[in-house]
Amino acid sequence: MGGKADPRAAGEKTTSRARLDRGRGALGPALELVHTGRAPTRAVLTAELGVTRATAGAVAAELEALGLIRVDARPGAAAGSQGRPSHRLEVAEDGPVALAAQVHADGFRAALVGLGGRIVATAPGCETVEPDPAKVLGSVVEAGAELLRTTGRRCVGAGLAVPSAVAEPDGLALNPLHLAWPVGAAVRRIFAECVRAAGITGPAFAANDVNLAALAEHRHGAGRGARDLLCVATGHRGVGGALVMDGRLHTGSSGLALEVGHLTVNPEGRPCHCGSRGCLDVEADPLALLMEAGRAPGPEVSLLQQADDLLRDHYTDPTVRTAAEALIDRLGLGLAGLVNILNPDRIILGGLHRTLLDADPGRLRAVVADRSLWGQSGGVPILPCTLDHNSLVGAAELAWQPVLDDPLGALR
Ligand SMILES: [Zn+2]
């Protein structure tokens, strides 16, 4: 009361507070734009957020203060194709990381993944997977904890990729058949307990490995910019699928959507562990290729590696070529059915399916076009996945999500 406040200073204060309040809501969207490479400069960030230059500047400064991004203060860099030079925005190279873990039929792997889907460090695990999930997850988390100790990075949380459908809301692995884990294993709870026991703070998540691969590819790889992205991939065993719609995974009512491995693609084909026969899972995975080519699988490297090597090194061998064509035709049949049902604007293929596409892209695209209504007219692009370890990167995305949703709330 009666103070001699300078009205001009008060006005500036109000303006800057209002700017900050507006800015707080923009922190998450801004971080996501930098994280996914869609805002390489402050000018682009300003345009993408639809805010004033001052607000975008305050938002970028706040994210930099949180240690998440780096603002290159020398505006020497060109802004792109148009406009004047602008400050460059990058994820902070020494910023926090997420602990990512992946278990597959031939072993496990732990990694630290920063913003931008950058793998900071990895630790390969053992080559065999114990039938007790607690033992395996304990080992993979310990490998990740060791990486955190050696790098000294701050950890925002942990994510796990498993080769099984993961039922929500309880995080149960419903069909971890190739791991010999018990059906319905509570993988998310066990993983979270291992993470806490290792002294790692932050939330813990678990999901299907192909779902996570699709999420990672959508944000950082071959799926960028797609609106209805269909991903089909082999792991080391079996076949999985995922759909990312408007940037979010379509998981169905209880997390079990897109179980594409049990589409019938060869009615007279091999019996499947699901009780049917001729499923994509047993007709178009690495073991199927080796068997089709009359090669006995060896124990020295993973089945995926053996199948990839066979295609890359021996494609001129008529037996290998015929086997590959049989798999391409079956995969194409499966994709054609999915194209008709889902109407994706892009298909990306991972694991052995990526190698099959590389081996004969024309054949696969022709099968999909011939056998699907929408494939003929639209010509859905079919592309290879481009990220190394996309399931690991996707597992990290789960742990990064709370930070992307509310950077201030998650980090303070
Ligand atoms: Zn089946």
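Asp360 sits in the loop linking helix H11 (352-359) to helix H12 (361-371); helices here are DSSP runs of H or I with at least four residues, strands are E runs of at least two, and both are numbered from the N terminus. The model is a predicted one, with local features needing pLDDT of at least 70 and side-chain atom pairs counting only at pLDDT 80 or more, while totals for chains, interfaces and linings use all residues. Residues are numbered from 1 along each chain as its sequence is written, and side-chain values use heavy atoms, with hydrogens and water left out.

Asp360 is buried (under 20% relative accessible area, 1.4 Å probe, protein chains only). Even so, Asp360 has no salt bridge (a side-chain nitrogen of Lys or Arg within 4 Å of a carboxyl oxygen of Asp or Glu). Its nearest side chain of opposite charge, Arg321, is 4.5 Å away; Lys and Arg count as positive, Asp and Glu as negative, and His and the chain ends are not counted.

As for the domains, the assignment (automatic or from a database) gives domain 2 as 97-211 + 391-411 and domain 3 as 222-386. Between them, domain 2 and domain 3 bury about 1,400 Å², 57% of it on carbon and sulfur atoms; buried area is the accessible area (1.4 Å probe) lost by two parts on being put together, summed over both. Salt bridges between domain 2 and domain 3 come to zero.

Then there's strand S9 (residues 204-208): four of its five residues are buried, so the strand is largely enclosed by the rest of the structure.

Notes: Buried means under 20% relative accessible area, exposed over 50%, partly exposed in between (1.4 Å probe, protein chains only).
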